[in-house]
Amino acid sequence: MAQLAIHGGNPVRSEPFHRWPVFDTRDKQALMETLESGKWGIGAKVTERFEQHFADYCGAQFAVSCTNGTDALYIALQAMGIGPGDEVIVPSYTFMATAISVLMVNAIPVFADIDPETYNLDPESVEKQITPKTKAMIPVHIAGNPAEMDELMRIAEEYSLLVLEDCAQAPGAEWNKRKVGTIGHAGTFSFQSSKNLTAGEGGAIITNDESLADRLRTFTNCGRVKGGAWYDHHELGGNHRLGAFQSALLLVGMERLEGQMKQREENARYLQSLLEGIDGVSFQKSYAGCTRHAYHLGILRYQPQRFKGLAKSRFAEALRKEGIDCSTGYLPVYQYNFFQNFPDRMLAYRDLYEGRVNYRSVQCPHCERVCQDEAIWLFQEMLLGSKEDMDDIVEAIVKIQCHVSELFE
Ligand SMILES: Cc1ncc(COP(=O)(O)O)c(C=O)c1O
């Protein structure tokens, strides 16, 4: 008789994991107050309060809220003066937005490989990609796990590069006790539905540089400048402002953030301890400088050779059928259709960068192996549940390993 759920056996788990998003009467009250205030957009005090609170939480001097994490990257690059002819180094293992934002300012994203243990931007690979045109790099704290900021900042200083931290997955994460986003020149965040702090959509940029903060505000607010008139536009800035209802939800969400972080940390530690007893599935590693991981994802490192060569995609499918939500995650960003067919899709680039941009020849071997064979994602809300939830994850892995032969029949 078949044991595995994928073949009709009983699944390890039939209950859903922890719900997401989380809300209670405080959110309803905050939304009603905003509704009744009549201030739903620009000038809403609730947005000012959120920005101040978020800046304080991150230990940054300034926070500028905006529509989403993609716009946050785009606005930050604009405000930092990145433009046509510039190259910006980005990791090959990230959400598409990290690279796309560079194209949005007409600069060129250059892909670097990742560290095979942490999945973060590999400083050695970054150094190899530097040319006289390189102006900046965007380390991404992937899964909420801080990138090697000491090494990356050393490289940035040596080559006079700007550093924009993509913290979309990492609010609250810390590198040597400093919150991410405050180590480079600026840091960006996303409050999209899946994120640890969410208002459905939304974003923010933090910095300690006052003139940069003013420029961030300008590019978020139709090119207007501080103290300027309503119809006086100085820069190519669109309207990327956050709405007041989202600010209200984010302020309440921040009341829960710390408690949720602690819960995720506890469950992640417990899950890691259980996985130490499993031959063939381990947890994404962190650097010694990581003093806090935000666990936006719990990334499992699957070794097919310990499962008789079973493909990662098939393992993930079997895991899902056992009732364990998971994803096989990203492809290397340069392998997406858009980049493979570049620059035909971007006519301006054909003339500006003739012959210099060919993503078909990019190779990042660590990233390619991780995407193909290794990385399996568990989602942050799964880590908000109980120890029993973690036990189920490991039970399902062990079950698949014991009955792996069934998957070849
Ligand atoms: C690493 C990373 N960067 C940027 C973004 C873009 O954020 P958003 O979806 O809010 O535009 C996301 C999330 O979706 C992300 O995970």
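Predicted model: local features only at pLDDT ≥ 70, side-chain atom pairs only at ≥ 80, totals over all residues.
A residue counts as near a molecule if its C-beta atom, placed from the backbone, lies within 6 Å of it.

How many residues are around the ligand? There are 14. Asn68, Gly69, Thr70, Ala168 and Ser190 come nearest. Now look at the helices. Both α3, residues 69–79, and α4, residues 97–104, supply at least two residues each to this shell. What is the shell made of? Nine of its residues are polar, four are nonpolar and one is charged.

Next, the core. The largest nonpolar core holds 123 residues. Ala76, Val88, Ala136, Met137 and Ile205 touch the most other members. Which helix gives this core its largest share? That is α8, residues 244–275, with eight residues.

Let's zoom in on Ile205. Leave out residues up to four places away in sequence. Ile205 then touches Val64, Cys66, Ala72, Ile75, Ala76, Ala186, Thr188 and Leu216. Ala76, one of these contacts, is also among the core residues that touch the most other members.

Last, a sheet. Strands of a sheet pair through backbone hydrogen bonds, either parallel or antiparallel. Here we have an open sheet of three strands, with antiparallel pairing. The order is β10-β12-β13. Why is one side of β10 and of β13 left without a neighbour? Because β10, residues 281–283, and β13, residues 375–379, stand at the edges, each with a single partner strand. From one strand to the next, the twist averages 35°.

Now take one pair. β12, residues 297–302, joins β13 over five bridges, in the antiparallel sense. Find Gly298: it stands opposite Leu378 in β13.

Key:
Residues numbered from 1 in each chain as written. Helix = DSSP H or I, 4+ residues; strand = E, 2+ residues; numbered from the N terminus. Nonpolar A, V, L, I, M, F, W, Y, C, P; charged D, E, K, R; others polar. Core = buried A, V, L, I, M, F, W, Y, C linked by C-beta atoms within 7 Å. Buried ≥ 20, exposed ≤ 12 C-beta atoms within 10 Å, placed from the backbone. Contact = placed C-beta atoms within 7 Å. Pairing = 2+ DSSP bridges. Axes fitted to C-alpha atoms, helices over the stretch in contact; angles between N-to-C directions.
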